[in-house]
Amino acid sequence: MRSVIHDLLVAYMENKASECQIYEGKPAVLRIEGASCEIPDFAPNDTKFLELAGNLLPDEQIKKLESNDDGEDFIMEDFLLEEDGVARFLVHIQRQRGQLA
């Protein structure tokens, strides 16, 4: 099944990027040969970011990330994403100071 970030992951592989960073409200960034390359067509706002995470994470992890009243300033979740026809990726999502990345 294709994920909502399929095209971004394909670009990651085609450009031999070492890292893909997706921030709430900012363009995604691919790190290619040490340089940061913004992907302006992929810049999720806070609602889109939670929707994106919701399509990739189990409900329990989503509830943890959505909760801003848990008294924790820093929450992170790691998981493996297997994108059909592309590769497997280690994904790290975190909430720090109320912002998702």
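1. Let me start with a cysteine: Cys-20 comes out as partly exposed, because its relative accessibility is 26%. On this scale, buried means under 20% relative accessible area, exposed over 50%, and partly exposed in between, using a 1.4 Å probe and protein chains only. Cys-37 is likewise partly exposed, at 30%. A search of the whole structure turns up 0 disulfides, a disulfide being a pair of cysteine sulfur atoms within 2.5 Å.

2. A word on provenance: this is a predicted model, in which local features need pLDDT of at least 70 and side-chain atom pairs count only at pLDDT 80 or more, while totals for chains, interfaces and linings use all residues. Residues are numbered from 1 along each chain as its sequence is written, and side-chain values use heavy atoms, leaving out hydrogens and water.

3. Three strands form an open sheet in the order 1-2-3, with antiparallel pairing; its edge strands are strand 1 (19-21) and strand 3 (35-39), each pairing on one side only. Strands here are DSSP runs of E with at least two residues, helices are runs of H or I with at least four, and both are numbered from the N terminus; two strands pair if DSSP finds at least two bridges between them. Strand 1 and strand 2 (residues 28-32) are joined by 3 bridges in the antiparallel sense, and Cys-20 stands opposite Leu-30 in strand 2.

4. Which residues have the most contacts inside the largest nonpolar core? They are Ile-5, Ile-22, Phe-42, Leu-57, Phe-79, Leu-81 and Ile-93, in a core of 23 residues. Helix 2 gives the most to this core, with 4 residues. Such a core is a set of buried Ala, Val, Leu, Ile, Met, Phe, Trp, Tyr and Cys residues joined through side-chain atoms within 4.5 Å.

5. Leu-52 lies in helix 2 and is buried, with a relative accessible area of 10%. Leaving aside residues up to four places away in sequence, Leu-52 touches Val-4, Ile-5, Ile-22 and Phe-42, where contact means heavy atoms within 4.5 Å. Leu-52 and Ser-3 are 49 residues apart in sequence, yet their C-alpha atoms are 8.9 Å apart in space.

6. Finally, do look at Glu-83 in strand 4. Is this residue buried or exposed? Glu-83 is buried, because its relative accessible area is 2%. Its side chain makes a polar contact of 2.7 Å with that of His-6. A polar contact is a pair of N or O atoms within 3.5 Å; within protein, one must be able to donate a hydrogen and the other to accept it, and residues adjacent in sequence count only if both atoms are side-chain atoms.
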